[in-house]
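Dear colleague,

Please find below the structure that I am handing over to you. My notes on it follow directly after.

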Amino acid sequence: SLVGVDLTREMLDRARKRIVHQGWRNVELLEADAADLPFEDESFSAVCSTLALSIIPEWRRGIAQAWRVLKPGGRLAAFDVAPLDGWRRILAPGTHTLNRFAAGWRPGPDVAAAIADLSPNHEIARQPPLGVWMIAWARKD
């Protein structure tokens with residue numbers, strides 16, 4: 001089974017339409033704040049976030065909540081916008097504007113680093129060469 005969580009009714013309505021169109025019967029949707037998940041501790045085998053953690057105001061709390069509801073041995077994975085570092089910072093004004101427009105992102109949150117801090121069993125992949133997008137995962141031991 002899969003549980004989808006979003007704070008906005010509009011996104012949940014779009015998800016409902018997709019669920020019906022695809023004929024999925026194992027998906028439940030819930031209107032909730034990722035920074036305050038209404039689930040018991042260690043109740044999920046996996047948690048996946050797509051372009052969401054970096055846009056919520058309490059993004060660190062969102063990551064902590066995802067980790068809290070994850071069972072031991074489970075994985076937290078996130079696909080998100082990555083802050084530009086090193087020489088890439090010269091591109092920041094343009095890419096930050098584009099990412100704010102395309103994904104509602106605001107500069108600052110380093111979701112990958114926060115996820116990496118959760119566990120020694122983690123991996124981060126950035127889209128080369130600019131590294132604007134990233135995938136990070138950590139396993140809860």
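Which residues of the largest nonpolar core touch the most other members? Of its 22 residues, these are Val47, Ile63, Leu76, Val111, Ile115 and Met134. A nonpolar core here is a set of buried Ala, Val, Leu, Ile, Met, Phe, Trp, Tyr and Cys residues joined through side-chain atoms within 4.5 Å. Buried means under 20% relative accessible area, exposed means over 50%, and partly exposed lies in between (1.4 Å probe, protein chains only).

Please note that this is a predicted model, in which local features need pLDDT of at least 70 and side-chain atom pairs count only at pLDDT 80 or more, while totals for chains, interfaces and linings use all residues. Residues are numbered from 1 along each chain as its sequence is written, and side-chain values use heavy atoms, with hydrogens and water left out.

The elements giving two or more residues to this core are strand S3 (44-50), helix H2 (59-69), strand S4 (70-81), helix H4 (111-116) and strand S6 (133-139). The largest share, five residues, comes from H2. Helices (H or I, at least four residues) and strands (E, at least two) are DSSP runs, numbered from the N terminus. Leucine 76, one of the core residues named above, is in contact (heavy atoms within 4.5 Å) with Val47, Ile63, Ala66, Trp67, Leu70, Ile115, Leu118, Ala136, Trp137 and Ala138, leaving aside its neighbours within four places in sequence.

As to the chain overall, its secondary structure comes to four helices and six strands, and the elements run β-α-β-β-α-β-α-α-β-β from the N terminus on. Of the 141 residues, 35% count as buried. Among contacts with a separation of 6 or more, 69% are between residues 24 or more positions apart.

Four strands form an open sheet in the order S3-S4-S6-S5, with mixed pairing. S3 and strand S5 (122-126) stand at the edges with a single partner strand each, so one side of each is left without a neighbour in the sheet. Two strands count as paired if DSSP finds at least two bridges between them. S4 and S6 run antiparallel and are joined by seven bridges; arginine 75 has arginine 139 in S6 as its bridge partner.

Helix H2 lies across S3, S4 and S6 and runs at about 150° to S4. Such angles run from 0 to 180 degrees between N-to-C directions, with axes as lines fitted to C-alpha atoms, for helices over the stretch in contact. The buried residues of H2 are Trp59, Gly62, Ile63, Gln65, Ala66, Trp67 and Val69, and they pack against S3, S4, H4 and S6.

Glutamine 65 of H2 has a relative accessible area of 11% and is therefore buried. Its side chain makes a polar contact with that of arginine 68 (3.0 Å). The term denotes a pair of N or O atoms within 3.5 Å; within protein, one must be able to donate a hydrogen and the other to accept it, and residues adjacent in sequence count only if both atoms are side-chain atoms. Beyond four places in sequence, glutamine 65 is in contact with Ala34, Ala35, Asp36 and Leu37.

Asparagine 121 sits in the loop between H4 and S5 and is partly exposed, at a relative accessible area of 24%. Leaving aside neighbours within four places in sequence, asparagine 121 is in contact with Trp137, Ala138, Arg139 and Asp141.

Yours sincerely
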